[in-house]
Amino acid sequence: MEPITWSGSLGPFLNPVMLAAVVLFFAAFVINLVMSFAGMRQAEPIVNPDHTISYRMGPVDFTLAAMKYSVFAVLACIVIFILGGILQPGMEAKGIIGGVSARFLPVWIGLVATFVLSIRYKRRLGLYGKLFDNLIGMIGFGLVMFWIFTAIFAPMIATHGAIDVVSAMRNDVPGSPVPGAAADGLFSHYLLGGDALGRDVFSRMVFGAREVLTIAPVATLFAFMVGITLGLPAGYMGGRFDTLITFVANLVLAFPVILLFYLLVTPEIVEAGVPVYMAAVLFLLPVIFIWVLLYSRYRNQPGVIKWVAIPITLALLLLYLGTVFEFDPFVWLTTSFIGYLNQGNPVSDWMLTTRENYEPLVGIPIDGNLLIVFVAVVFVNSPTVFRIVRGLVLDIRTRDYVAAAQTRGEGPWYIMLWEILPNARGPLIVDFCLRIGYTTILLGTLGFFGLGVDPESPNWGSTINEGRRLLTIYPHPPLPPALALMSLVLGLNLLADGLREESLKD
Amino acid sequence: MTTDTYDGPILEIENLSISFFTRLFEIPAVMDFSTKVMPGEAMGLVGESGCGKSTVALGVMQDLGVNGRIVGGTIKFKGQNLNEMSPQQLARIRGKEIAMIYQEPMASLNPAMKIGKQLMEVPMIHEGVSEREAWQRALEVVTDVRLPDPERILDAYPHQLSGGQQQRIVIALALMANPSLLILDEPTTALDVTVEAAVVEIVKDLGKKYGTSMLFISHNLGLILETCDRICVMYSGEAVETGSIADVFDKMRHPYTQALFRSIPLPGADKNSRPLVAIPGNFPLPNERPRGCNFGPRCDYFESGLCDESDIRMDTIAGDDRHESRCLRFRDIDWDAPIRAAIEVEKAEIGDIVLKVDNLKKYYEVAASALFSHGEKKVVKANETLSFVAREAETLAIVGESGCGKSTLAKVLMGLETATDGQIILNNKGVESTPIQERDTATVSSVQMVFQNPFDTLNPSMTVGRQIMRALEVFGIGKSESARRQRMLELLDLVKLPRDFADRMPRQLSGGQKQRVGIARAFAGDAKIVVADEPVSALDVSVQAAVTDLLMEIQREKKTTLLFISHDLSIVRYLSDRVMVMYLGHVVEIGSTDQVFSPPYHPYTEALLSAVPIADTSVTKEHIVLEGEIPSAMDPPPGCPFQTRCRWKKDVPGGLCDREVPPIKKIADGHHIKCHLSDEKLAQMVPVIKIAAE
């Protein structure tokens, strides 16, 4: 069987249109450039007597208009390809682009729903709503949401399993049909081809989104919690504590990141328990953060402290113990208590062994390698966050509302967390978006070096690395994850730009 | 180019309209504005913030940014239309023919360039003179702006000079090219009163010396009176009245001008018998201007069917020199009618002593280096032996310029800092060494503060109601959330804000409204003592009166002691019972308002009184300009703190002022002065402010 074509049955009509639009765009661009060198300018606005503004179009304006409409034409073609892919029957008619877009159907539905709802209610949604006044921000948000929905609906989108091998498909080009697919109940084609082991590139990319989008935001969030918990007191109180922490932060920042990662995954260091100790410290800070946040706010309302703040903190503490130390005090207490009561019988022996190796009831099981990656990313990012927070605090603490809080006898932590932190949120949200992007790249780099992550993992970084070896002969396996990584980071950067612009307009 | 023999008007603006354009609509900033500045004439442009006075200046400079556009009218400079000039022609005129001085001196100087270089650039670019000649010229101009040691100044960087000196350099910079027109946009707002007085003096003298015409933009009517020949009052994008200073100040013919004068505290106003009259309502937003007269909705003389019908033109007032008013009814209004009898209120009885400060000292130790603390330590004496008492229901004003230690005093009172020495007795308890964390809730809630900057006083990310409720929570008032909410709404009533403001965010409020919320928050725990740190100085004139009156009213009702920190002596005279004048951490004079405002004075008080611009043509002032700058508190002069700038120093025999800090001398009952001057000398002092008999 022949591989299916890229553009399917729509290709013969749409490809020339798209090509013409692209040619027109570049032609208009070159003409515009020449005219602007010749000293021609855009038309000056004319103020009418009724205080409206109108323009008289000149040649420069026409080239600009041509560029604008050719971009619209290309976009329209892409939309038709996507719709055509969804609506047309049969893989041959859909083509590769159509096939891929048909697989992404849940993502399209999710995106359309998100945008329609958000734009409809944007005036009530604060900063998030204002994002929809900004084209750049909307594009960024769209790209990010695309990958988030892909991660959510990954099993529905992927055509094959992430590690399913069809050995006949090794290094096959995009659109190759899977032999005997119908008999084995598999999807009929490898849409973006197969990799060196005969796995489906498209499906691995889709599952890779899941990997990237779980680690990066959570690791960034932890880095923020750590940075904020240390940056607030350093900026607010100053003095020796500030000097010390800033010095440590500078030390960490001065250390080469990649070398640090290599060190952390070295077996000797892992065996010595360094990553676990680091996790123990880094993961404890968010728990402290939440407790102080709640306590300082509801200090004067013992009811809220007793029924809300303490339970939440205890639950987080359990989660912390279970995640970092794989320790569950309840299980530990019951097993050792029963084991102690009935010494010398089989039940108690079983209980005592269970005490040693059990799965904690509360706690997120993290793969050892993943924990190292996580710790390393938090460790590397938190000093930068610390410095941003500290700088913001140094500015905001001189405001009168902080003095007002001091003069009514508020404690330092209330002031830091409820008077200062909310007003530092603008730059922090922007940095958060950018930092998810950096973390994604960092994770990709780590995967590329084969550090920390499982070699089988569909993680974009490791996939790019695997494809690297045969790049000159078979460029198709590493390209999709590379483009995916690029579009996600681009989306995050655009989103951050949009947020920054809109938050300044307030 | 016109020759130097041009003798028509320097600047002639006719029917100027300037608009700013957004994506959605046009915002008219200035409408139908006309004015004429003759050679050597100083024109004052007054109005509240947002009235378009700075836009006019930018329009003259043809520097409106990307969104701004002149949509009508002409701006003629020496007969040439600036609107039609090419960028090259404009570049020749800007800086050479028209110079501009901005509010913030540090922002107008290049911090990376020496003063001399920046000054020399001007003639070198515009006239192509040699470097040596430019240096000579710079030296001359720096001497003209009365800076000491001009050679050293020319060799300094901007950050090495004080604010007052920087502003003088900016003036020098403007004068370097010997311009025909000088535009001053609030040139002294960022400066202290005595420094302001000196700068204004220079501007006036140099204007005369160089024959420069001036466009002086300010919100301060007193300053305009001192510097200008003619005045133009603007309101919401329009000139509402223009004429000579004497005509507009004494025979105003526009209701807004009249309301403006009634809302500022002039000598003679009194908080109980002749209170300020605040202008009702709010300044209209540019896109919500009413039909017809912009001032209509706030005007006492508004007549529907007439004032809200059509656009109103400027109309000449017969008999006066180029005196015009934008009012349809100015011929019908009885301008000499007395102010409608305000309800005379009973002064609250001054009660027992609630706060006693005795020999309070606050020193800060400043280490030479932050990292290595064993370096040399310097001591900043922020407060030096302060002693005073404050009684129930009394207003004690604390007056002084920046760096005099008034804010430190407030901090020590509030418990944000602890005193180095001395005593503060509050509710019969010594609190001088109890930091705020260790004070009990009752003490904390009984001393509260109102802050200066309305845009900074509220947390921008919390609703107004929540912020007041947080104060109630901390002070332990109200048993439940709903009880506290009820109390919060009552507090909003107290400061005369509508109850639905509770759920608004601070950014939705105007400056005056924010300041009211700040007052409500301060009174949340029924404060006995409220420290008000310049609570109205950042507000517009018409709003100031309303907020001041609100404070006074709450004080009368709650019998609160008000410590009113201010540098504005007009408002202090209007509302305080007693005044305390501070200089470099010392109380130099304390007494009742009448005692402090009439001789004998402390020499510093005398200078302060003379420096305050008063917007009343019937007032004549003794002219005292303080030489030099306020010494740094790190390095105070030996002996009397004021000796470096005192004009009476020569009258004290034996150089006593250089050696000893003067003792506190009792002049009359409750009136104390810290000065070496003998009683005879003090008795010779004449009043600084004289009101001409009417």
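Is Lys362(B) buried or exposed in this model? Lys362(B) is buried, because its relative accessibility is 8%. Buried means under 20% relative accessible area, exposed means over 50%, and partly exposed lies in between, with a 1.4 Å probe and protein chains only.

Some ground rules. This is a predicted model, where local features need pLDDT of at least 70, side-chain atom pairs count only at pLDDT 80 or more, and totals for chains, interfaces and linings use all residues. Residues are numbered from 1 along each chain as its sequence is written, chains are lettered from A and ligands numbered from 1 in written order, and side-chain values use heavy atoms, leaving out hydrogens and water.

Now, the charges. Side chains of opposite charge can pair when their charged atoms come close. A salt bridge here is a side-chain nitrogen of Lys or Arg within 4 Å of a carboxyl oxygen of Asp or Glu. Over all chains, there are 44 salt bridges.

Back to our lysine. Lys362(B) forms a salt bridge with Glu417(B), with the closest N and O atoms 3.7 Å apart. Lys362(B) sits in strand β13 and Glu417(B) in the loop between α12 and β16, so the pair ties together parts of chain B that are 55 residues apart in sequence. Glu417(B) is partly exposed, at 22%.

Next, chain A. Arg199(A) forms a salt bridge with Asp195(A), at 3.1 Å between the closest N and O atoms. Both residues are buried.

Last, a network. Salt bridges link a set of residues that includes Arg297(A), Glu410(A), Arg466(B) and Glu481(B).

Notes: Helix = DSSP H or I, 4+ residues; strand = E, 2+ residues; numbered from the N terminus.
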